[in-house]
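My notes are below the picture.

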Amino acid sequence: MMIDRPLDCLATPDAPALPLYAVRPDGLAAFLESLPAPQAGFLRQAGFTAAAGDPLLLPGPDGVAGAVLGLGADRSPYAFGALAMRLPAGTVWRLEPGDFDRPAAVLGFCLGGYRFTRFRPGKRAPALLAAAPDQPGAAEAAAIWMVRDLINLPANLLGPAELAEAALALARAHGAAATDVTGPALDEAYPAVAAVGRGSARAPHVVTLRWEGKADAPLIALCGKGVCFDTGGYDLKPSAGMLRMKKDMGGAAVVLGLARRIMEARLPVRLVVRLGCVENSVSGTAMRPSDVLATKAGITVEVGNTDAEGRLVLCDLLAEAAAEQPALLLDCATLTGAARVALGPDLPALFCNDDAWAETLLGAGTVSHDPMWRLPLWDGYASWLDSSVADVNNVSSKPLAGAVTAALFLRRFVPAAVPWAHIDLYAWNDQTRPGRPEGGEAQTLRAIFAALASRFSRD
């Protein structure tokens, strides 16, 4: 499984390149004074105000002499997100110093240069930025490209085995230990995961990756929902509801991208990653509504709805991860439509049992322009998950607060003494915007990494 590809929107740092100026309104007058008179006059006559927007090409005696980008008040990487596709194809550019963060600029340029070209070539080649692929910003973009590629792959090419192999390949690339449990061993070790995957001809897998970044360092445990396609099971989704279900493994993809960033940056932590890689399908062996399932934690679960399968995948992983008493247990999942109803597609929902960690994650999201919003683990709704035949139902008895009750279900598998964060994300861009092409998206990856880096400083 391909887990990496070169950032083809970058040129070598010493490549011949045209100057690219990024300007804010309060620096516009000084910038115009620094330019040759013909170029300054061109920008004035073109009405350039340095407001955030598309770049303008600067004329020279032999054609294009450079380009200028207005930033306005935008401090996000996305201010640079249109450049790769708006500057002339194949041209090479160097960022001139200015009032902006260079790693964020490189990141934004690369995010906008992403195209999913597995099955057809891109409509046009990107412009290129002269920058090293391992410099800050570019390395981050490479991890995000990997996540986007995994989410964008169709389910016939990325099933449970292929997603598991992607995790194993990442482990090999970074010298991490890894195990892949499937078959009868999975039935015994992860009974809820097995129940979800039983309806598919493609066997479920649970992959565990361990990386010892620093001996005796804090343990960070990450869990990812890797449902490679979700039909809804016997509680079948309508056809329109299945159109994007190849992205239902987006939580696992984000966790893999985050693990890559942690290992590449060599954060002084110990890392363990668990992915539940399954397909929720319909067959004679699929789980049914009203079935009662065993779980790794010993908690019995009544299946109130087979389309609430993601929490069944995660509950076994969380129980196993919590037993190791990590300094932080964090899971990512495309878990509920209710979170999208509440917060929309761009704002993942954060649930956290530790206020200090919640503030760290939220603050890192704001600073890195990768936001999330905290929703409550509201104890008053816990009884909505009561079952008359099992310890708990996998869905609420009421058609309200779906994201909250899903998080409350997961909380039953995490002891209160373990700091835990659950992120319910969309992992998709519905339409193309600067730096955010339509398709898979690595939501919260940058925020979580920034939070971990701030808590556990680098050597």
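**Loop residues**

I started with Thr306, which is buried at 0% relative accessibility (buried means under 20% relative accessible area, exposed over 50%, partly exposed in between, with a 1.4 Å probe and protein chains only). Before going on, I noted that this is a predicted model, where local features need pLDDT of at least 70, side-chain atom pairs count only at pLDDT 80 or more, and totals for chains, interfaces and linings use all residues. Residues are numbered from 1 along each chain as its sequence is written, and side-chain values use heavy atoms, with hydrogens and water left out.

I placed Thr306 in the loop between strand S12 (301-302) and H11. Helices (H or I, at least four residues) and strands (E, at least two) are DSSP runs, numbered from the N terminus. Which residues is Thr306 in contact with, leaving aside its neighbours within four places in sequence? I got Gly232, Gly233, Tyr234, Asp235, Asn280, Met287, Arg288 and Pro289, where contact means heavy atoms within 4.5 Å.

Next I looked up Ala286, in the loop between strand S10 (270-280) and strand S11 (292-293). Ala286 is buried too, with a relative accessible area of 4%. With neighbours within four places in sequence set aside, Ala286 touches Gly199, Tyr234 and Ser281. I also checked Ala286 against Ser200: they sit 86 residues apart in sequence and 7.4 Å apart in space, C-alpha to C-alpha.

**Positive phi**

I then checked backbone angles. Ala50 has phi near 70°, a positive value in a residue other than glycine. Ala50 lies in the loop between helix H2 (37-45) and strand S3 (56-60), and is buried at 0% relative accessibility.

Thr444 also turned up, with a positive phi near 70° in a residue other than glycine. I found Thr444 in the loop between strand S19 (439-440) and H15, buried at 0% relative accessibility.

**Helix H11**

H11 (residues 310-322) has 13 residues and reaches 18 Å from its first C-alpha to its last. That is close to the 18 Å expected at 1.5 Å a residue; the expected span is 1.5 Å times one less than the number of residues. Is H11 mostly covered or mostly uncovered? Mostly covered: 13 of its 13 residues are buried.

**Helix pairs**

The axes of H4 (residues 102-112) and H5 (residues 138-152) come within 8 Å and cross at roughly 30°. Axes here are lines fitted to C-alpha atoms, for helices over the stretch in contact, and angles run from 0 to 180 degrees between N-to-C directions. That makes H4 roughly parallel to H5 (under 35 degrees counts as roughly parallel, over 145 as roughly antiparallel, 65 to 115 as roughly perpendicular, the rest as oblique). I listed Val106, Leu107, Cys110 and Leu111 of H4 against Ala138, Glu140, Ala141, Ile144, Trp145 and Arg148 of H5. The residues of this contact divide into 8 nonpolar, no polar and 2 charged (Ala, Val, Leu, Ile, Met, Phe, Trp, Tyr, Cys and Pro count as nonpolar, Asp, Glu, Lys and Arg as charged, and the others, Gly among them, as polar).

For H13 (residues 355-367) and H15 (residues 445-455), the axes come within 8 Å and cross at roughly 120°, so H13 and H15 are oblique to each other. On the H13 side I noted Ala356, Trp357, Thr360, Leu361, Ala364 and Gly365; on the H15 side, Ala447, Ile448, Ala450, Ala451, Leu452, Ser454 and Arg455. The residues of the H13 and H15 contact split into 9 nonpolar, 3 polar and 1 charged.
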